[in-house]
Amino acid sequence: MKKYLISIESEDSKRLQGFYAQKTFYKYKDDFKQFGIIGKNLTVSEYFEQGVAGKSKPMTPGELGCTLSHLAALKDFLSSEESYAVIFEDDVIERFSIDFNVLEEQIKMMRLSPPLFLSLGGIQMKICRKVKGKDQKNLLLDQPVLKVDPFFYENLAYAYAYIVDREMAKILLNFHKPPKVYDQWADLTINSKQPFNIYVSYIFDHPQIENEKDKSYLENERDMMTITKKKSYSNSSYIVKKIRGFFLQTYKLNI
């Protein structure tokens, strides 16, 4: 399994030192490959073409840099012969020590449907608590796994810890031509000609965002997208989602 860190931090920064101070990441420090594109260092033309043109709301330079960093990791993964890649952002919080070899073996044993996107954290956050899907029979590192129903992709956010297989990496790279806010899963469903599968589990944590002013661009964008989609929802789509929701489950936090 290829291991990637998305970060613009230098090796001697407190943030990066804090990341590698966690047992899981310390054990595998030499295995991680870091990608960090600083959006504000892009040329004006690069920023306009990739982050502004054709968008209803421009991406901030930081958000564009983040997306480009994730895409660089996916491209590097596809140049390898590995079956899976695990990708982290540098604000991820370890809940318990992980052996990535065991994690990969358990994923293979669970036979999760490809193309596979497996979120390892984010479902615990308030913004994602309306996500619904089907509980999976087997646990992953003793944590529940939920297969997200496509009608609820729009309620899913965050990409600070996740695993993809090779086919999912190709789907994401094709979708981000040009780059978009990285985790627009509902739009990915509309634009992708190939079906894919999103699973969620709560294995890694993330700092809580308590104040409105501390919200990231991603979360503000997510709020605006949700409001817009609610307005544009046809009555039939709204009713179908409501009905499906009665037969689906929310993620059961195992804290």
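The dialogue below treats ring pairs, charges over rings, nonpolar cores and the backbone of this predicted model.

Q: How many aromatic pairs does a search of the whole structure find?
A: The search finds 19 aromatic pairs. In the pair Phe19 and Tyr20, the ring centres lie 4.9 Å apart and the planes stand at 85°, which is over 60, so the arrangement is edge-to-face. Both Phe19 and Tyr20 are buried.

Q: Is the pair of Phe117 and Tyr162 stacked or edge-to-face?
A: The angle between the planes decides this. For Phe117 and Tyr162 it is 20°, with the centres 4.9 Å apart, so the pair is stacked. This pair connects distant parts of the chain, since Phe117 belongs to strand 5 (residues 116-119) and Tyr162 to strand 8 (residues 161-165), 45 residues apart. Phe117 counts as buried at 1% relative accessibility, and Tyr162 counts as buried at 0%.

Q: Which residues do ring pairs link into a cluster?
A: The cluster consists of Phe19, Tyr20, Phe25, Tyr28, Phe32, Phe88, Phe100 and Phe204.

Q: Which charged residues lie over rings?
A: The charged end of Arg166 sits over the ring of Phe77, 5.4 Å from the centre of that ring. Lys180 lies over the face of Phe175, at 4.5 Å from the ring centre.

Q: How should I read the nonpolar cores?
A: In soluble globular proteins, nonpolar side chains tend to be buried together. Here the largest nonpolar core has 69 residues, and Phe88, Val164 and Phe204 have the most contacts inside it. Helix 6 (residues 166-175) gives the most to this core, with six residues. Another core, of five residues, lies apart from it and includes Leu42, Met59, Leu64 and Val181.

Q: Which peptide bonds are cis?
A: Most peptide bonds are trans. A cis bond joins Pro114 and Pro115, with omega about -15°; Pro115 is placed in the loop between helix 5 (100-110) and strand 5. The bond from Lys177 to Pro178 is also cis, with omega near 0°, and Pro178 lies in the loop between helix 6 and helix 7 (185-191).

Q: Which residues other than glycine have a positive phi?
A: Most residues other than glycine have a negative phi. Asp142, however, has a positive phi of about 70°. Asp142 is found in the loop between strand 6 (132-135) and strand 7 (146-148), and counts as exposed at 57% relative accessibility. Tyr158 has a positive phi near 80° and lies in the loop between strand 7 and strand 8. At 7% relative accessibility, Tyr158 counts as buried.

Technical notes. Residues numbered from 1 in each chain as written. Heavy atoms only, no water. Phe/Tyr/Trp six-rings, centres within 6.5 Å; stacked < 30°, edge-to-face > 60°. Buried < 20%, exposed > 50% of the residue type's maximum accessible area, 1.4 Å probe, protein only. Helix = DSSP H or I, 4+ residues; strand = E, 2+ residues; numbered from the N terminus. Lys NZ or Arg CZ within 6 Å of the ring centre and 35° of its normal. Core = buried A, V, L, I, M, F, W, Y, C linked by side-chain atoms within 4.5 Å.
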